[in-house]
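Me: Could you walk me through this model? I'd like to start with the charged pairs.

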Amino acid sequence: MSLGSIIRTRREEMDLTLDEVSAKVDFSKPYLSTIETGKVNNPPSDELLRKLEKVLKFPAGELLRLAHIERAPTDVRENYESTEAENAKWRQIYKKLANDNREVEHIGQIVEQSELNIEQGGSPISPGRPIPVINKLAAGYPADFDDLDYPVGIADDYVRCPDVTDPKAFAVRVVGDSMEPKFREGDIVVFSPAAQVNAGDDCFIRFADPHETTFKRVYFEGNNVRLQPRNDKYPPMIIEGKRINGMYRAIAKVERL
């Protein structure tokens, strides 16, 4: 979730309108709307973020931290988020060992010397790593696909997706209605080449010949693959397995509101 999405989600959870928040923080409603939709050219000021923290009851400094992370260069941000994830894993390991009835004094000494804070709560909100949006994906019948010869991880547009560690993950905009109601036209779907594909998964399918793609649920039937739309108006397609040279599972969705 982006900073704007986090702010909007909290506002809606508190059943506040943009007008109400605008009046409380003394900033215009249109500007707050551009923040929530991610269309603002520059990150919000620290002054506004502090006011939003109070009105929306975020922990002091939480929105400031997220905004500062977003302002950082990509390599710095990714290194920070990677370090935070690693620290969280070590805290969980220590907590599990400490709760066992085993001799763990030496572990405690190591942790004390390293000043690792194992009492920290759940993982902080993270804006997530940038995922490249490479092209539009037909959710109906297969359509020609062109990634514009971008190198892996490079594109004209990006979305953020927390907890995605696959460096080759990519996102695609949905076109068509064959995967409704779960996926609608305009949604952005994130796919991971590293994720295991099982029967019934929603997948980005790439064909070897002709060079086309589609977005369907997959079912394996002998040497064939059944590509099943979610929309009952569309019939399934039975494809020879050898025709498919790429199958990537959907792991996240950014909805169009």
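Reply: Asp202 forms a salt bridge with Arg230, and their closest N and O atoms are 3.0 Å apart; a salt bridge here is a side-chain nitrogen of Lys or Arg within 4 Å of a carboxyl oxygen of Asp or Glu. The pair links distant parts of the chain, with Asp202 in strand S6 (residues 202-207) and Arg230 in the loop between S8 and S9, 28 residues apart. This is a predicted model, in which local features need pLDDT of at least 70 and side-chain atom pairs count only at pLDDT 80 or more, while totals for chains, interfaces and linings use all residues. Residues are numbered from 1 along each chain as its sequence is written, and side-chain values use heavy atoms, with hydrogens and water left out.

Me: Is Asp202 buried or exposed?

Reply: Asp202 is buried because its relative accessible area is 7%, where buried means under 20%, exposed over 50% and partly exposed in between (1.4 Å probe, protein chains only). Arg230 counts as partly exposed, at 25% relative accessibility.

Me: What about Asn231, what does its side chain reach?

Reply: The side chain of Asn231 reaches the backbone oxygen of Asp177 at 3.0 Å. Asn231 lies in the loop between S8 and S9, and at 12% relative accessibility Asn231 counts as buried.

Me: And how do S8 and S9 pair?

Reply: S8 and strand S9 (residues 237-240) pair in the antiparallel sense over four bridges, with Leu227 opposite Met237 in S9. Strands are DSSP runs (E, at least two residues) and helices are too (H or I, at least four), numbered from the N terminus, and two strands pair if DSSP finds at least two bridges between them.

Me: Switching topic, which helices do Glu36 and Arg11 lie in?

Reply: The side chains of Glu36 and Arg11 meet in a salt bridge (2.7 Å, N to O). Glu36 lies in helix H3 and Arg11 in helix H1, so the pair ties together parts that are 25 residues apart in sequence. Glu36 counts as buried at 8% relative accessibility, and Arg11 likewise counts as buried at 10%.

Me: How many salt bridges does the structure hold?

Reply: The structure holds 12 salt bridges, one of them between Lys29 and Asp19, whose closest N and O atoms are 3.5 Å apart.

Methods
Polar contact = N/O pair within 3.5 Å; in protein donor to acceptor, adjacent residues only side chain to side chain.
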